[in-house]
Amino acid sequence: MHDQTSGERPPGGLPRSPSGRIPQWAIDEALGLPPRHAVPWRSAPVGTTGPGSDRARRRRHGRLLAAAFVVLLVLAMTAWTMMTGRLWHTASPPGALPPSAIPADQRTFPAPGHEESEQPLGTPAAPPVRSDSYRFVSTGPDGQGFVAYDPCRPIHYVVAGKPPRPDAGRLLAEAVARVSAASGLVFIADGATAESPRSQRSSYQPERYGDRWAPVLIAWTSPAEEPDLAGDRAGQAGSSAVQLAQGPRVYVSGQVELDAPQLAGVLGRPGGRDIVRGIIQHELAHLLGLDHVNDPEQLMFAQTEPGVTDFAAGDLTGLSVLGTGPCAPEI
């Protein structure tokens, strides 16, 4: 009857195997338990239906389901990362989700398309004479010949610091108007700000300027506040660019620093107003994307030249090109 373990029953005691071990069937019989069939230690034979085989199958099924769930989760996360990465890759990655899907107080740059128009807001003025005496500060990816501000939205700007003279604010407004006309880019003055210029200025400051790119900062400063203005450097300017996915690279904000004490001295000379206005125009052209040239007849020459106080043919040609940059509603 119990053939799974062989053994002999000694007189007056339980049977034992040749090794002296009491077989399981004898223990069951002595305890009054029903006979049991053998269940191999590792797995049930094919076709068995005992409780041990059911538990093994359930364990295997559970492990398979868990593994399948993990694989599906990994595949889903990979697909999501690839999709959002294609759509929202940036120079300074904002995260997996587009800005519009993230609360404003948790984003690192604004919701896209602020004040974006379906077409450029202005038209660059045609230069009287076209010239190739201009250079761009930066080029973009995939053959993009230059980086510029989005012409389909206005460039807001704020002014910080104390101007060198009361009429310096008017000179600044005149310089902005001249650059705007040449490039076709629309500027909007947002007034004064308490923000101070700094080398690592953030292009997104929602606590100060709201959920938009920070306006361009134009600061009247001094070498004591900005050591880079020491010597005969009257100003400096630059812009920050952003690119999303395979789209164009565009400027979103920037900064212009003007040496107020030095410009105050220039304003006291004959023809000083024209010289200061020309210096401001020079720095604003840097802001928009024009670099220095080796032609002393252009305002974008690295040094102030006698009699050169306004844009020349090369400057105007370069600014007109910068006004035809790509619109970027996704930024």
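Reply: **Aromatic pairs and their surroundings**

The count comes to five aromatic pairs, where rings of Phe, Tyr and Trp (its six-membered ring) pair if their centres lie within 6.5 Å, and planes under 30 degrees apart count as stacked, over 60 as edge-to-face and the rest as tilted. One of them joins Y149 and Y251 in a tilted arrangement, at 5.6 Å centre to centre with 50 degrees between the planes. Because Y149 belongs to strand β1 and Y251 to strand β6 (residues 249-259), this pair ties together parts 102 residues apart in sequence. Strands (E, at least two residues) and helices (H or I, at least four) are DSSP runs, numbered from the N terminus. Both Y149 and Y251 are buried, that is, under 20% relative accessible area with a 1.4 Å probe, protein chains only.

An edge-to-face pair is formed by Y157 and F187, at 6.4 Å centre to centre and 65 degrees between the planes. Y157 lies in strand β2 (residues 155-160) and F187 in strand β3 (residues 187-192), 30 residues apart. Y157 counts as buried at 10% relative accessibility, and F187 does so at 15%.

The model is predicted: local features need pLDDT of at least 70 and side-chain atom pairs count only at pLDDT 80 or more, whereas totals for chains, interfaces and linings use all residues. Residues are numbered from 1 along each chain as its sequence is written, and side-chain values use heavy atoms, with hydrogens and water left out.

Key: Buried means under 20% relative accessible area, exposed over 50%, partly exposed in between (1.4 Å probe, protein chains only).
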